[in-house]
Amino acid sequence: MDLPHISDALGIVHPLCIDRGRNAEVWDEQGNHYIDFVGGIGVLNLGHGHPDVVEAVKAQVDTLMHSAFNALPHRGYLEVASTLNAFVPVSYSLSCMLTNSGAEATENALKIARAATGRQGVIAFDDGFHGRTLAALNLNGKVKPYKNRLGALPGPVHHLPFPSRDGGVDADTAMAALERLFEVEIPADEVACIIVEPVQGEGGFRLLCADFAARLRALCEAHGIVLIFDEIQSGFGRTGKRFAFSHLGVEPDLLLMGKSMAAGLPLAAVAGKPEIMDAPPKGGLGGTYSGNAVACAAAQTVMALMSEEHLAEWSERQEAMILEAYRGWRASGRYSMLGDMTGIGAMRGIVFEDTPAATGAEHLAALIVAGREEGVLLMPSGRRRNVLRLLPPLTAEPEVLEEGLARLERALLAVLSAHPSNVDDRHHEAPPMTAPISHHEIRDRFSKAMSAMYQAEVPQYETLLELVAQVNRETLERDPELAARLEAHDELNRLSVERHGAIRVGTAEELTMLRRLFAVMGMYPVGYYDLSEAGVPVHSTAFRPIDDAALARNPFRVFTSLLRLELIESAELRERAAGILAERDIFTPGARELIELSERQGGLTDEQADRFVAESLETFRWHQDATVDLETYEALHAEHRLIADVVCFRGPHINHLTPRTLDIDEAQRRMPAAGMNPKEVIEGPPRRDCPILLRQTSFKALEEPTRFAGERQGTHTARFGEIEQRGVALTAKGRALYDRLLAESRQRTTGLTNAEHQRVLAEVFADFPDTEAELRHQGLAFFEYRLTAAGREAGAGAEAELEKLIEQGLVAARPITYEDFLPVSAAGIFQSNLGDDGNQAYAGNANKEAFEEALGAKVTDELALYAERERMSLQSTLEALKR
């Protein structure tokens, strides 16, 4: 790239010129589209051109563009200072000064610390980065390219090893180095300040050890040393909190801010305790452009947008998607150069390790080039430039972030193609016992413990499991071709662990906490289901694994419904239900503690995982004692039985678990002989040669003894056992056809026996193609494509047209199993077991936006997941043919 009139000393990562940007997307001058994972190196947490910021900037330009605050104060500077006082989570009242950049904030902090203490010494950390101005760069814990050939720098500055779980030393080693420093190089009473990043940026996104931070805080107080936290890159929401020091449990004396503070306009700050900030002489702080009015208007808008709720939602969503992708890459065994993931929240790095093919830095340099070619912009970090830093805007739309991660994976594949020896043959080794275990392992333990608990609480469920196992064995014996296909795709083992459960909660806080609980197990919200259309006052999502490796390990999912109190007609009853729900906590203190621990350390150890499973099960356990008196229960029950079920108990007892059968019609036929009373009809599509979507049935719910407040006895009907049979996932076109035919059949099946119901369904669904080939040709279903043995032998000489490849036996097309739910079927199961036909006054009240607000995250579009899986399998299959 030709850069006339630009100094060669400016290092350029991407040789292109950006023309425009929108949130996480940018376009260069040639019109090429990129997804931006650089984010202005931490400046664009709110993305390119956030509309609220743009509006505020435009309005400010029309009013006042600039005034030098030292000469003539302006309202914007004053308001930013006041807002910072409320925005920064410290226990003292803040005093601050605004600057143009992070480096300028650093320089001023050093000056302030010297003035406050009368000392000169400074302690910083290896691999830290604090700016490129003369005093700031001497703090940097790395020589090249910042310090070499510059001679003596302002000091004295001493460096310590950085304690971190992300590849640094431990707290004891760092404290020992500090004690040695005081004994050998500089006494504590000559140290003005210690400056440290709670999460190193340039150093590789490494989180400071919390234990060390606490000991450092105590040491600084004991010796009168100013403790400075540099949050120029980690601040303003990057880690899921306003500032990363909140993860450490300690407060700084001075705080450095910048980068995302004004969403792309030059503004930074140093703020802290007034007695320290006021130490320099009058006129000792300031700057001509510092606190520019337009930048201040942007900062005010940024802080208004960055509520704790928004930051948690944005960061958790992004973190979940990045972690899921990363774990999938690691689990695939393809990429031996992929090392650990560093950081916290949405401030994440991926370490690239040396391999026989190349160094980690070389792998990452190749990835950055390949990523740019695929349309995703990446940036290195770390002392060895071998840590990929991921800084997409926190506001990136889920579909854009997903596409960016898909482009990143394609770039990884491109690097792999250049160095085939990078394939990982070590990924099956067990991690050390002190390391976090996989989310999949925790999910596996939880689902087995849940099953054991439910069998003990509902003995008929154990009978149901035995019946389903028998039906499955006989089905496989009768159909060797089905057995061979399941075995070839490693689905026989999966069949034996298949479970889904269902719960219902009453408040947004309960739903949000459940989202965090399920994330510990690698389960994320997929799909939005409005059951009000069938007369049930809830809307729902399914927490489930997303990627192929996770589904293969254990596909456990939980259909989770949120009660919609706003649909209750009686205002008095609404208020009574809300008051009851507000008084309960469905999570144990231990569960809450372990969820936060998992979020903080990136997972749980083996022992912590066992405790997590035990504590979390308490949320789903049946409690015989209701929390309300019988009169309240009956009032809520009269409105809708489900409302009473949600509101009147200590927790959202799991109301059913569901094994997967290969022949649901036969299982339904056998249930009465096994002592179970099945629901009248099987929900979903009819029996077919090529099963589609989902068929469900259940035995009817149990009448269970219940003790109400005031020692009144009664019964409650809630829990049952369900069976499911899963087929191929349908495309949007396929779902439209299914929905049309289902609506037509419902007009003809009301009140029919199951046999008649199924006969009518079969007649109506005769219009739905019933072969895999026809489903594929008409674009009605999703398929996964793989090379056959013959295809691998044919290689590059093979025909390129997909259908001909399939006809020639070179490519196999396998139906992608539907992993989700059907709202009408779910409502039918609920109604059957609640003894209620539903209240049609609830119908037509879908509100996905309100549900996502309560959830604290966006739900993933299930059709997009299937489409991407199909696309990726086809792409990798065709690429493999070329090699």
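How much accessible surface does the protein have, and what percentage of it belongs to carbon and sulfur atoms? The accessible surface comes to about 35,100 Å², and 51% of it belongs to carbon and sulfur atoms, with areas taken from the Shrake-Rupley method with a 1.4 Å probe, where for residues only the protein chains shown count as cover.

## Basis of the model

This is a predicted model, in which local features need pLDDT of at least 70 and side-chain atom pairs count only at pLDDT 80 or more, while totals for chains, interfaces and linings use all residues. Residues are numbered from 1 along each chain as its sequence is written, and side-chain values use heavy atoms, with hydrogens and water left out.

## Overall fold

The protein contains 32 helices and 27 strands, these being DSSP runs (H or I of at least four residues for helices, E of at least two for strands) numbered from the N terminus.

Of the 883 residues, 58% are buried, where buried means under 20% relative accessible area, exposed over 50% and partly exposed in between (1.4 Å probe, protein chains only). Among contacts (heavy atoms within 4.5 Å) with a separation of 6 or more, 75% involve residues 24 or more positions apart.

## Aromatic pairs

The whole structure holds 22 aromatic pairs, defined for rings of Phe, Tyr and Trp (its six-membered ring) with centres within 6.5 Å, and called stacked with planes under 30 degrees apart, edge-to-face over 60 and tilted for the rest. One of them joins Phe87 and Phe243 edge-to-face, at 5.9 Å centre to centre and 80° between the planes. This pair links Phe87 in helix H3 with Phe243 in the loop between strands S8 and S9, 156 residues apart, and both residues are buried.

Phe446 and Phe620 have ring centres 5.6 Å apart and planes at 70°, so this pair is edge-to-face as well. Because Phe446 lies in helix H13 and Phe620 in helix H21, the pair ties together parts that are 174 residues apart in sequence; both residues are buried.

## Surroundings of Gly203

Gly203 lies in the loop between strand S7 and helix H7 and counts as buried at 8% relative accessibility. Leaving aside neighbours within four places in sequence, Gly203 is in contact with Asp127 and Gly382.
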